[in-house]
Amino acid sequence: MHRRQFIMTTAIGGGLALCPKIALVRADEMSSDNPALSKYHYPAQFYEKLGNGIVECRLCPRKCIVSDLERGYCGVRENIGGEYYTLVHSRVCSSNIDPIEKKPFFHFLPGTNAFSIATAGCNMNCKFCQNWTISQFRPEDVNHIAMTPDDCARVANDNNCPSIAYTYSEPTIFFEYMFDCAIAAKSRDIRSTVVTAGYIEKDPLLELIGLVDAIKIDLKAFTESYYKEICNSALQPVLDTLVTIKKSGTWLEIVYLMLPGLNDDESEISDLCDWLLDNLGPDVPIHFTRFHPSYLLQNLTMTPLVSLERAHSVAREKGLHYCYIGNVYGHDTENTYCHHCGKLLIGRRGFQITANKLDGGKCPSCQTTIPGVWD
Ligand code: SF4
């Protein structure tokens, strides 16, 4: 099997279904010789011209310096004659209709579906990536469908999805497409949610949070060394992103994927919780999720339940109000309990809602307002 066949097989077989209502363009119909490829060249935002045909990308903290006919680190932004282009506008490689709980958002329209889309590429390189068959490849190397922003909003509407989720790979690198989709969605009263690592510059982030309705940040760890060695990235810009989102009032949730022996130390979790309380307050939900071996870290075991439960206990003892354990089917900590009186508010089993007792966003027992977007 040659490389392109392999990519086509894994992109479809990796659990990321393509929406059945939209025609598929096979990857082997595309090549750099094919003039149809140019239909995806779309002017990029957030870059500076440095002279001599060189540009500096200002979309993410990597700030790639890109010469003519070259691309940035993420592989989806290209310099052509000193002008910068995104190659993934309207070029969707994965789409599906998912429960919003799968993102996971637990305090945003519970029990609804999100039309979920992704393009190829990523500005990080996490060694545990579960979606590496799309995140670590260039757009011409994976299957895709052509889907305009209006198509996207229409599919969401036709399938009774009150929100679109930009997810699976890294939506920062398809910023222009995400932005246009969010505008198209708004015109149909469909909301937008972003599932991101938060490695983005402040200017594009400010534009985004003025438009979308909820953001989930994958906080990979709480040490710079982990970000550098495991993700080829940096922690501080992500912490800055969290603070900016929280200040904006856009709904925010955090996922912390726990890798055994790498980011699950109790003192690291304790430091993280202190930082969250000091900088974001107690009401931002945090999901400690179980790791399953994947991509370049197949040598690790899955996260022991005791590590997840310990992290959950530390977070609750520190005073964080909404702490969850993820990827452990049927665990009590999938449920939402009132932080004031402890009453069960939303019952969950996996991605299914088993009960929703919220009354106008309040606890029916003690009338405490529960933070979130409930309707
Ligand atoms: S978005 Fe891509 S091209 Fe731009 S700085 Fe980040 S990695 Fe580089």
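Trainee: Which residues does asparagine 335 touch, not counting those up to four places away in sequence?
Mentor: In this predicted model, asparagine 335 touches Tyr324, Leu344, Ile346, Gly347 and Arg348, with residues up to four places away in sequence not counted.

Trainee: Where is asparagine 335 found?
Mentor: Asparagine 335 is in the loop between strand E16 (323-326) and strand E17 (336-337).

Trainee: Is asparagine 335 buried or exposed?
Mentor: Asparagine 335 counts as buried, because its relative accessibility is 12%, and the cut-off for buried is under 20%.

Trainee: What does the side chain of asparagine 335 join in a polar contact?
Mentor: The side chain of tyrosine 337 is joined to that of asparagine 335 by a polar contact of 3.1 Å.

Trainee: Turning to threonine 303, where is its place?
Mentor: Threonine 303 is in the loop between strand E15 (286-290) and helix H9 (305-318). This residue is buried, with a relative accessible area of 0%.

Trainee: And what does the side chain of threonine 303 reach?
Mentor: The threonine 303 side chain reaches the backbone oxygen of methionine 258 at 2.5 Å and the backbone nitrogen of phenylalanine 291 at 2.8 Å. Leaving aside neighbours within four places in sequence, the contacts of threonine 303 include Pro260, Thr289 and Leu308.

Trainee: Now the ligand: which residues surround it?
Mentor: The ligand is surrounded by Cys57, Leu59, Cys60, Arg62, Lys63, Cys64, Gly72, Tyr73, Cys74, Arg77, Tyr84 and Asn123. The shell around the ligand divides into 7 nonpolar, 2 polar and 3 charged residues.

Trainee: What is the space taken by the ligand?
Mentor: That space is the largest cavity.

How values were computed
Residues numbered from 1 in each chain as written. Predicted model: local features only at pLDDT ≥ 70, side-chain atom pairs only at ≥ 80, totals over all residues. Heavy atoms only, no water. Helix = DSSP H or I, 4+ residues; strand = E, 2+ residues; numbered from the N terminus. Buried < 20%, exposed > 50% of the residue type's maximum accessible area, 1.4 Å probe, protein only. Polar contact = N/O pair within 3.5 Å; in protein donor to acceptor, adjacent residues only side chain to side chain. Contact = heavy atoms within 4.5 Å. Near = heavy atom within 4 Å. 1 Å grid on protein atoms, 1.4 Å probe; cavity = no way out; pocket = protein on both sides within 12 Å on 5 of 7 lines; lining within 4 Å. Sits in = over half its atoms within 2 Å of the grid points. Nonpolar A, V, L, I, M, F, W, Y, C, P; charged D, E, K, R; others polar.
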